[in-house]
Amino acid sequence: MTTTSGGLLESQAALTLQDAALPHSAGEAIAVNATEVSEVPIALTAGRRATFRTFGVDGVEDPVLHLLSPSGSQVAIINAQGAGGEEQLSYQPAVSGTFRVVLRAKTALSTGRAGLTLNGEAWTDDLPFAGGLVKLHTIRAGEVLQTTPVPRGMSSVHSMYVIGGDGLNLLARRTGGPAAALNWTADQDHQTVTVVAGALTPGGGGAIRLTRNDAAISGHDADHDGLGTELERSIGTCADYFGVRRGFRCSTATDPADTDGDGIDDGWEYLGKFHISLGAGGFRTGRLPLPLWGANVRHKDLFLEVDMILRCPGDTELRMTPDNARLFAAYYQDEIGSPSIARQDAHAATLRNPDGKTGINVHLDTGVAPASEDDLTLYGDWGGYNVVDPELEECADNTHYQTAWREHMDPARRGVFRHVLAHNGNGGQTAIGSFAISGAISNAAVLVHESGHAMYLGHSGPDRVTGDVDVNCKPNYPSVMNYAFQNLGAGFADGSGNVTLNNASLQESGAVDPDNTLLLDGLEDTFDYWVDRASGSVDWNRDGFMSPATERVQAYANSRPGAACEYTRYNRSDLDEASDVSPAMSSLNGRVYTFYVRTDGRLRFAHTDSDWSCEVPDADAACVTWSTPETLSQEATSVDVERVGTPGRLLVVYVDPGGRLVETRLTLGAGGLQTWSPTTVLPDSSRASGEPSLARQGPCKAYLAYKTITGQLRHRQWTCVNGWGPETPALSDREQPIVLPDFASPGIGYAYLGFRPNRGSFVGAFAETDGTLRLWRLNEITGQWVLIERVDDVGRAEGRPALAWVSSATKTSDGRLYVAWLTHPASPEDRTVRIAMSHTSVRQLPNGHLARQFRIGLRTYLDNNSLRAAGISLLFDRESSSHLISAESRETGDESYISIRPKADGINDFAYTGYNDWETIRTGLCLGVLKSTALPYRVRC
């Protein structure tokens, strides 16, 4: 066994090819350097003799001259003079036609250049004669000889000549283009034959693979992959489940017909995929030159056709750039993050590539020619790239990817290529285990993420490994599949340094092994946790202190600032009523009420006495059952509600179509009997626009904030003793009026801010004229609003922000403030729900002391960036639930409804851990390829 030069990829040369100089007597693959052979066509006339003579031959040069008939069979040959001699061939044809003169070297050492005369006159001069020669022994009937182009090899139109045992008689001639495979089947036994591989284009010579395939001999292809047992033994692939092939135990192969387990059988990978298809013009034959594109029978391959859909009229056609192609490949080739040799060895053991190496080789048909030789097998213009026009006059969604491949990908590619329908946008959409993939063409990480779904990976590891619960953003799962790490340079996770977490029971002191630097780095750098690296402690609840190891805290541990972590969506319940403003929530005697204004202007409400604990997270099952909705008013535009008084009652304030503020109150009697007070208009109030907001301090003090029709902010106080106080213009501490834009309404709440220990404040969330959301504190002595400085940039908002103080179980003033709002976008279709919270930021000073600072920030999506809503409300009431509850006026396509989340704080009692993506990819790679063909599966996965 030797490696070769002359352009072959080193891996293919070293692992699959024998040296052409060695003796050959069984099924095998041979590296041949195809050099130039001259073929000159000539028209001959029946009965008129033609005499050809070489000239200019000297030294060791020894040409062989063949004359071929119009059908390609040999009619004359001459090699009589030996080295340095001039040969003469004379022939009188019986029929007229175009014949062909072939000039080649007799041996590998007798190459040269010569001229030809025709009937004594100069005809051609300076013709090269060479050819790569291989002598094969003991050829059996049924054996197939095939030349196969390989990467960095011959780039010419080429020919294969099969010469008989005398070294002169031409048994067969085959010719084809640079990507063509040429083959000859022996119809009888031969003691020896010589194969000459010739390049027919000047300067186009190079390496080519000659395969001697015994598959057609009876009993020589038990696994039906098109490769004979002798050939498979030679190239290191399996023919059955027995034996070892170059260190790879065939008993570990799922199917010996697909030794490397990538879903593409060995015969296709080594010889190319020959196919017959029926088109408009009838049957056609063809071949996918998989070896030329880099297929390797001993290493897993991933072939993708990357097409482009113009989702919207006016979209610009794009193709995957070389840089994005290289980056995409780096993920699967295990090159992201420079993993250590030990980790790569572990990945290789998981993937079970027969060559013992890590990663999966990627081959992308992007419609772009390779920029360099290094890219030859990574991407190329291989004839598959398509532009798919939108089907609709308006912008199409991403679901077209599921069917587009049936029309736009050549059926011959099925069983080899997967299909990517890329778009000029953000994000993607791919079903678990899908053959087809959808994603942004300009974002390699997104395409890798989406392709991972096609490999049966969810956002938290193998699909459904934890049932319906897919815990996104897990800090203990640093994978490109995880929204927390997707765009931060993480590759596929390998499960190393794993720990188990549960948001309902988190250990802070000594939470992580201090040597687990991978996890600690992610917690500190990606999740912005305060981490004591010496002890492995983590401030999960972000209160600025490490709880003792004997205690447990609750926190949304898998919430990464800025990410869309989706862990608040479980056990949701819906009210099937459409609203385009914020709902309002409150509780009374343990009963939770939701109020909302329907799009027809009716003010409606529903209630529930259900247990809100929702012990088991479930994506489809609600743990709360609502009463049948009732109508409170026929005419309203917006509403808010708060519990006030002793005994408690619900204070409901709504705006009617005329801008009047209207109130009514609900009390509960024995058996839950509801009694409503008469509706009254709040006296001496300006006409209101937008949505009102209520907040309370204890049972006997509340504030109402609202916006006038000119945008001026107003507030008024309510107390148990005096009822409603006068309307007051809202002024800043600089005595400037607070004005809101037409797209925003005020939101207020009551909270304990860390820079005012044990002292509560009414807090307001007010959007400035450009939508920038600011938080304010009401100074009740001066009646002015003071800007809260310790707030991170939370972006722009519209509608009514929602605020809720979530207190600890032991002390009301301990807890955190949540603020939720709708983003102010360029269009309503982009209106998402964000949420931020108060926390204590900790940093270590140069002297080793810790500096703690109260802040409001850590902005994230309430769910993900696809959640669209027209309004948001938050509720925390320990009488009903120990969790934060939210309600949204949700918008999904053409549907609108009220959706209630029982755990908007993300604190689900559910244990989650990390996983090894490579284990899932190993099998998912194979399964997804096979889904593309309606034929019986050619291999097993």
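Cys720 is partly exposed, with a relative accessible area of 31%, and Cys700, at 32% relative accessibility, likewise counts as partly exposed, where partly exposed lies between buried (under 20% relative accessible area) and exposed (over 50%), taken with a 1.4 Å probe and protein chains only. The model is predicted, so that local features need pLDDT of at least 70 and side-chain atom pairs count only at pLDDT 80 or more, while totals for chains, interfaces and linings use all residues. Residues are numbered from 1 along each chain as its sequence is written, and side-chain values use heavy atoms, with hydrogens and water left out.

The structure holds five disulfides, a disulfide being a pair of cysteine sulfur atoms within 2.5 Å. Among them are the following.

| Disulfide | S to S distance |
|---|---|
| Cys473 to Cys565 | 2.2 Å |
| Cys614 to Cys623 | 1.6 Å |
| Cys700 to Cys720 | 2.1 Å |

The link of Cys700 and Cys720 is left-handed, with -90° about the S-S bond. This pair links distant parts of the chain, 20 residues apart, with Cys700 in the loop between strand S41 (688-696) and strand S42 (701-708), and Cys720 in the loop between strand S43 (713-719) and strand S44 (723-724); strands (E, at least two residues) and helices (H or I, at least four) are DSSP runs numbered from the N terminus.

The link of Cys473 and Cys565 is left-handed, with -90° about the S-S bond, and it joins distant parts of the chain, 92 residues apart, with Cys473 in the loop between helix H7 (444-454) and strand S28 (501-502) and Cys565 in the loop between strand S30 (537-538) and strand S31 (573-575). Both Cys473 and Cys565 are buried.

In the remaining tabulated pair, Cys614 counts as buried at 4% relative accessibility, whereas Cys623 is partly exposed, with a relative accessible area of 24%.
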